[in-house]
Amino acid sequence: MREKKCKFILFGILMVLTLRLCFINYKAVTGVTIEEKGNEPVTVWNTDSDAQRKAIVENERIRVDVDTKKSYMKLYPDLYVESIKPVISLEKKKIAYLSFDDGPSHITSEILDTLSNYQVKATFFVLGCTITAEGEECLKEMVEQGHAIGIHTYSHNYKNIYSSVEAFLKDFYQDYLLIYETTGIKVNIFRFPWGSYNTYNKGIRDELIAEMERRGFTYYDWNISAEDSVGTPSEYRIKSNVLKDLDSYRNPIILMHDSSVNKLTAKTLPDILKSIQEKGYVFDTLNHREPYQFGRH
Ligand SMILES: [Zn+2]
């Protein structure tokens, strides 16, 4: 009886092996594999037909193409930030957002003093190439006073930064690191030199914006400009440029500059702040505001 049982098991094993061998041959001859996917058996064709070979080559070409185009995604693996979470949505409250580009410079501390006197918070989009020892102190003071710091690239050199996404990332990363080393802050907002929609970045704009947003960064353009870096405007002109359109916006973003040539901006700032406050606005930093971006509004 026991011998009979053993023979039966042996026969079973032989049957399984034979069937498996047949199946392998079947696959080799027909090029068909049956795979289990969930409860549904799925047929996968393994034939080497010309059409299939062509499709495989084409897919491979597309894949390589995409990889080559986006090789910059692998650069600077630590250049990722947590995105801003705006706490103030655009509502009825009148909030003005002052922003200063192209600093820090020797006029920045004067601007910081004025802001402090008027208890106003602002946003500074800083350039790495202008950061001296004095500039480093300004950055620390900005943080202490509750202002927001944003990146404005290291060099502000359009030939360099807008030549490719890689070049922009390299320059941006330099500024990012410098601010981080100076203040300990991982800055997550930025402003494109000449704004997000300019003639210099035309060729790479969409790809660049997509890459910066993929890394968690938010950019801000503006809707009011003091025009304080265009020609040599008077104090009166700077002030009227800010105030003339102010009432068109409940949440204006005002572009000003604190580079070394903007002495008049620093000089007229108390007057500007007073006038804006008289119009019933309060001030806040841009990282609390929903983004405002050219071409998207
Ligand atoms: Zn600038």
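Which residues of helix α8 (residues 235-244) are buried? In this predicted model, the buried set comprises I238, S240, N241, V242 and L243.

β9 (253-257) supplies at least two residues of the lining, and so does β3 (95-103). The volume of this pocket is about 210 Å³. Its lining consists of 16 residues, and those closest to the centre are W194, W222, S229, L255 and H257. By residue class, the lining divides into 6 nonpolar, 6 polar and 4 charged residues.

A zinc ion is coordinated by three residues: D102 through OD, H152 through NE2 and H156 through NE2. Along the chain, the donors follow the spacing D-x49-H-x3-H. The pair D102 and H156 thus links distant parts of the chain, 54 residues apart. D102 lies in strand β3, whereas H156 sits in the loop between β5 (148-151) and α5 (158-161).

D102 has a relative accessibility of 16%. D102 therefore counts as buried, because the cut-off for that class is under 20% relative accessible area.

Technical notes: Residues are numbered from 1 along each chain as its sequence is written. This is a predicted model: local features need pLDDT of at least 70, side-chain atom pairs count only at pLDDT 80 or more; totals for chains, interfaces and linings use all residues. Side-chain values use heavy atoms; hydrogens and water are left out. On a 1 Å grid over the protein atoms alone, a cavity is a set of points where a 1.4 Å probe fits but cannot get out, and a pocket is an open set with protein on both sides within 12 Å along at least five of seven lines; lining residues have an atom within 4 Å of a point. Grid points are joined across faces, edges and corners, and a volume is the space filled by probe spheres set on the points. Helices (H or I, at least four residues) and strands (E, at least two) are DSSP runs, numbered from the N terminus. Ala, Val, Leu, Ile, Met, Phe, Trp, Tyr, Cys and Pro count as nonpolar, Asp, Glu, Lys and Arg as charged, and the others, Gly among them, as polar. Donors are N, O and S atoms within 2.8 Å of the metal (3.2 Å for Na, K and Ca); water is not among the atoms, so sites may look incomplete. Buried means under 20% relative accessible area, exposed over 50%, partly exposed in between (1.4 Å probe, protein chains only).
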